[in-house]
Amino acid sequence: MFEHLKAYGGDPIFRLGEAFHADPRERKVNLTVGLYYDEQGRLPLLDVARRAEDQWAAKGLPRGYLPIEGLASYREAVQKLVFGADSKALAEGRVATIQTLGGTGALKVGGDFLHDAYPHSEMWISDPAWDNHHAIFQGAGIPTHTYRYYDAATRGLDFAGLMQDIAALPERSIVLLHPCCHNPTGADLSDEQWLELIPVLQQRKLIPFLDMAYQGFGRGLDEDAFAVRAMADAGMTFLVANSFSKNFSYYSERCGGLSVVCQSAEEAGRVLGQLKAVARRIYSNPPSHGGQAVATVLADPALFAEWKAEVEAMRQRIAQMRQLVHERLKEIAPQYDSSYFVKQRGMFCYTGLSLPQLEALRRDYGVYIIDSGRISVPGLNTSNVDYFAQSLAAVVAQETAQA
Ligand code: LMR
């Protein structure tokens with residue numbers, strides 16, 4: 001019955017993580033999947049999360065269904081974190097939020113919802129993109145295209161290209177944007193650039209869909225939400241996906257949120273109903289375990305302060321690793337411009353390394369980087385950062401010598 005099916009080639013991001021784990025060499029470095037590892041190379045379980053889980057487990061509650069839209073306390077916590085406790089849109093009841101299965105689940109629910117609401121709309125995604133963006137929205141029936149985003153010459157943002165492409169889109173096109181920590185390039189719009197882009201999105205009557213999977217890893221929890229809050233303040237209608245996978249280290253708990261900012265509380269009520277209808281036909285109701293813990297931590301001022309400090313420590317460790325690689329490369333490969341390590345921000349660094357260089361890094365040094373050349377920076381720590389810099393310098397020098 002399934003003889004005609006092709007073999008799955010594997011996910012470009014997860015496949016390489018699996019190859020890393022299968023590599024028997026002792027000296028190896030995993031810079032593949034976007035996971036935050038601590039200085040000891042361990043995936044942390046945050047202390048606040050463990051305590052909130054224990055509190056909930058001690059209650060011994062039965063496991064009835066959650067509402068389709070998720071836990072009320074979780075949804076409220078998501079709203080305050082994403083839009084700010086003093087948000088006017090929240091005070092006016094104009095935001096419809098549902099609990100989703102991670103950030104990916106939020107993108108899928110949002111994609112299905114938009115395809116129902118605007119069946120002829122197409123979507124524009126940054127070039128390059130997170131590998132899964134095109135697949136998720138195409139899977140929701142939305143044709144996808146790209147807008148210019150990255151300038152290989154500067155290893156930074158091509159803001160002029162982005163503005164030109166977005167200004168030329170047909171009305172009611174959907175535009176996927178990353179408010180912070182762009183995946184894969186680490187190149188973000190500045191606050192001023194967001195303020196230039198917002199009127200263009202409004203004038204062209206475009207539908208912005210913001211994917212904020214790394215809130216807190218760029219400049220800080222509030223600073224990273226600048227674009228979201230500026231769009232809400234500008235009175236726009238738009239969607240925001242957020243995730244606790246990274247900033248709560250809750251990857252397998254699948255804790256995300258989808259919020260739609262509307263023009264009135266009445267519209268938000270109808271939108272929430274449609275989001276529920278979409279969730280019901282995909283997975284029916286979200287799971288409760290992780291969501292309970294997130295809601296507990298975010299609603300308690302003392303636990304929230306502890307969590308905020310944890311996120312800040314993660315953010316600073318990532319920035320420190322970027323700095324260390326840059327400094328080391330300046331010493332050992334002065335002809336190689338590694339300033340992009342410190343100019344880009346957040347979880348990912350886009351190296352521009354060629355496929356042969358990436359293959360040499362894997363084969364000769366056990367340094368695993370996905371084929372786009374994107375590094376997940378928290379895979380680095382003070383024990384492996386020198387080795388990484390030396391390996392990178394060696395493959396870059398080899399290519400220069402061959403040329
Ligand atoms: C990544 O980009 O590596 C992470 O967001 C994990 C994923 O789901 O791809």
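How many helices and strands does the protein chain have? In this predicted model, local features need pLDDT of at least 70 and side-chain atom pairs count only at pLDDT 80 or more, while totals for chains, interfaces and linings use all residues. Residues are numbered from 1 along each chain as its sequence is written, and side-chain values use heavy atoms, with hydrogens and water left out.

The protein chain has 15 helices and 13 strands, taken as DSSP runs numbered from the N terminus (helices H or I, at least four residues; strands E, at least two). Its radius of gyration, over C-alpha atoms, is 21 Å, close to the 22 Å that the globule rule (2.2 Å times the number of residues to the power 0.38) gives for 403 residues, so the chain is as compact as a globular protein of that length. Buried residues (under 20% relative accessible area, 1.4 Å probe, protein chains only) make up 56% of the 403 residues.

Turning to one helix pair, H2 (residues 47-59) packs against H11 (residues 289-299) at an angle of about 110 degrees, with the axes 9 Å apart. The axes are lines fitted to C-alpha atoms over the stretch in contact, and angles run from 0 to 180 degrees between N-to-C directions. H2 is therefore roughly perpendicular to H11 (65 to 115 degrees).

On the H2 side, Val48, Ala49, Ala52, Glu53, Gln55 and Trp56 meet His289, Gln292, Ala293, Thr296 and Val297 of H11, where contact means heavy atoms within 4.5 Å. By class, this contact of H2 with H11 has six nonpolar, four polar and one charged residues (nonpolar: Ala, Val, Leu, Ile, Met, Phe, Trp, Tyr, Cys and Pro; charged: Asp, Glu, Lys and Arg; polar: the others, Gly among them).

Methods
Angles under 35 degrees count as roughly parallel, over 145 as roughly antiparallel, 65 to 115 as roughly perpendicular and the rest as oblique. Buried means under 20% relative accessible area, exposed over 50%, partly exposed in between (1.4 Å probe, protein chains only).
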